[in-house]
Amino acid sequence: MAHLQHFGWFFGRGFGPQAWGRADYRWNYAWQRPDIYQQSARELEQAGFDLLIIEDALSLGSPETLNLRVNSAYGGPKHDPLLLAPYLFAATSHLGVAPTVNAGAYPPYVAARQFATLAHLSSNRFGVNVVTDVKSARHFGLDELGHDAAYDRAEEWLSVIRRLWHSWGEGAYLGDQATGQFADASKLDAFHHEGEYFTLDGPLNALPFDEGVGDPVVVSPGGSGRGLAFAGHQSDVQLALASLDTESVRAYRQKIHDSAVAHGRRPSDIKILFVIKPEIVDSDAEVDRLVLESEHPSDEVLVSVLAAQSSDLETDLTVLDLDRPLGPGVFAPHVSQGTINNLVGRGGDLENDTLRQIATRKARKGRLSDGSGFVGTAAQFADFVEGLGETADNDGFIINGDLHPVTLHRMLDEVVPELRGRGILRDSFGGGGLRANLQDF
């Protein structure tokens, strides 16, 4: 039986020149200005989406990938999504916004204060997508950490941020106009923290959050064991990358839930939303045409597929021999295991498959109707969503795409009515902010 699912949007290109090189760019939106993002955010809210997550990369990458990223504007430039957030909040009333923040780039006191400010400005609709990228460390004069150590630092970072958020104890804020006393300093926690990665003092110079609202929502990606453990401990939303069949979704959810329980939390404390990028078309005939057309991709298509993957993998795959295996050690240790798995594909072999085999698998399209891929009609997409909700007790999906009106309408015009007609997509919001919306069902 159908039940409501949570939906979010992942602005996968980040706050940069999206649609560069495509006809969409000729709509004459200025990507540096807020208008295109505000219009898109309003339409996501109207569509019943709970959350917008904005990707970010602080760095243009290594010298080896610099040209790859800027030549076609795929990986850069990118402006700061944290500074875009207030414009999106001003344009909407219910949509949550979670910019990506690198835990190594923002000192925890500064981060806690900025996040608290945005929570107040947005009426508790602010979230933060916490990532642990370490290759950008050189831009901040920091040492590069290994994969697990970066998660250790993020754990300490979030823990001390939470302590700062709660450094105004119960009853510290009075706001008593009759007596003229604004706050009680004796109830402020002037703690000293000296950890492995950070040293700082409290209390935080920002107001506490409204009673019952809770902290800003924490989102995290990651498919490694350490990343899943981090999610179980710290996250309210897991940006999940996995194969989207019942068995894989169940197994992934179980790992997150086991981690949550191990950290003294309830499985229901975390919404696990799987990333998907469907290709919605008008008819079965168009589905068949696109799938068959993709069966034998040209070298030009394969190179374009590899170029799209190279930015996140921080490795220029386009210069490698298509007919040789990638082999071990081609990716730096800090590169997300989920991103690598996404490249190789289910059943693939990173060490033995040739790059041509890997790219061909990525280029091939499959049908939503039979579970072989993500090309389908709006009704078939709704069938897919409904099916995983029933068989895997799935919480919902994050749709990956540009934050551009053309992209939104192409993806959602027929999908939203189909989902709502089946009772899968919300058509109204409560008034408690992002955290409350996520806990509505």
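**Close-up 1. A salt bridge between Glu-386 and Arg-422 in the predicted model.** In this predicted model, the side chains of Glu-386 and Arg-422 meet in a salt bridge, with N and O 2.9 Å apart. Glu-386 belongs to helix 12 (residues 378-391), whereas Arg-422 sits in the loop between helix 14 and helix 15, so the pair ties together parts that are 36 residues apart in sequence. Arg-422 has a relative accessibility of 22% and therefore counts as partly exposed.

**Close-up 2. Asp-402 and Arg-22, and the network to which they belong.** Salt bridges that share partners join Arg-22, Asp-24, Asp-402 and Arg-410 into one network. Within this group, Asp-402 forms a salt bridge with Arg-22, and the closest N and O atoms of the two side chains are 2.8 Å apart. Because Asp-402 lies in the loop between strand 14 (396-401) and helix 13 (405-412), while Arg-22 lies in the loop between strand 1 (6-11) and helix 1 (35-46), the pair ties together parts that are 380 residues apart in sequence. The two partners can also be described by their accessibility: Asp-402 is buried, with a relative accessible area of 7%, whereas Arg-22, at 30% relative accessibility, counts as partly exposed.

**Close-up 3. A salt bridge between Arg-426 and Asp-50.** Arg-426 pairs with Asp-50 in a salt bridge whose closest N and O atoms are 2.9 Å apart. Arg-426 is found in the loop between helix 14 (415-421) and helix 15 (434-438), and Asp-50 in the loop between helix 1 and strand 2 (51-54), so that this pair ties together parts that are 376 residues apart in sequence. Arg-426 is buried, with a relative accessible area of 4%, and Asp-50 is buried as well, with a relative accessible area of 1%. For the structure as a whole, the count comes to 24 salt bridges.

**Close-up 4. The aromatic pair of Trp-9 and Phe-49.** A search of the whole structure finds 15 aromatic pairs. Trp-9 and Phe-49 form a tilted pair, with 6.4 Å from centre to centre and 55 degrees between the planes. Since Trp-9 lies in strand 1 and Phe-49 in the loop between helix 1 and strand 2, the pair ties together parts that are 40 residues apart in sequence. Trp-9 is buried, with a relative accessible area of 0%, and Phe-49 counts as buried at 2% relative accessibility. Both residues are members of one aromatic cluster, formed by Phe-7, Trp-9, Phe-49, Phe-374, Phe-384 and Phe-397.

**Close-up 5. The aromatic pair of Phe-15 and Trp-31.** The ring centres of Phe-15 and Trp-31 are 6.4 Å apart and their planes stand at 85 degrees, so the pair is edge-to-face. Phe-15 and Trp-31 each lie in the loop between strand 1 and helix 1, 16 residues apart. Phe-15 counts as buried at 7% relative accessibility, and Trp-31 likewise counts as buried, at 10%.

**Close-up 6. The crossing of helix 10 and helix 11.** The axes of helix 10 (residues 337-344) and helix 11 (residues 355-363) come within 8 Å and cross at roughly 85 degrees. The two helices, helix 10 and helix 11, are therefore roughly perpendicular to each other. Helix 10 makes the contact through Asn-342, Leu-343 and Val-344, and helix 11 through Ile-358, Arg-361 and Lys-362.

Note on methods
Residues are numbered from 1 along each chain as its sequence is written. This is a predicted model: local features need pLDDT of at least 70, side-chain atom pairs count only at pLDDT 80 or more; totals for chains, interfaces and linings use all residues. Side-chain values use heavy atoms; hydrogens and water are left out. Axes are lines fitted to C-alpha atoms, for helices over the stretch in contact, and angles run from 0 to 180 degrees between N-to-C directions. Helices (H or I, at least four residues) and strands (E, at least two) are DSSP runs, numbered from the N terminus. Angles under 35 degrees count as roughly parallel, over 145 as roughly antiparallel, 65 to 115 as roughly perpendicular and the rest as oblique. Contact means heavy atoms within 4.5 Å. A salt bridge is a side-chain nitrogen of Lys or Arg within 4 Å of a carboxyl oxygen of Asp or Glu. Buried means under 20% relative accessible area, exposed over 50%, partly exposed in between (1.4 Å probe, protein chains only). Rings of Phe, Tyr and Trp (its six-membered ring) pair if their centres lie within 6.5 Å; planes under 30 degrees apart count as stacked, over 60 as edge-to-face and the rest as tilted.
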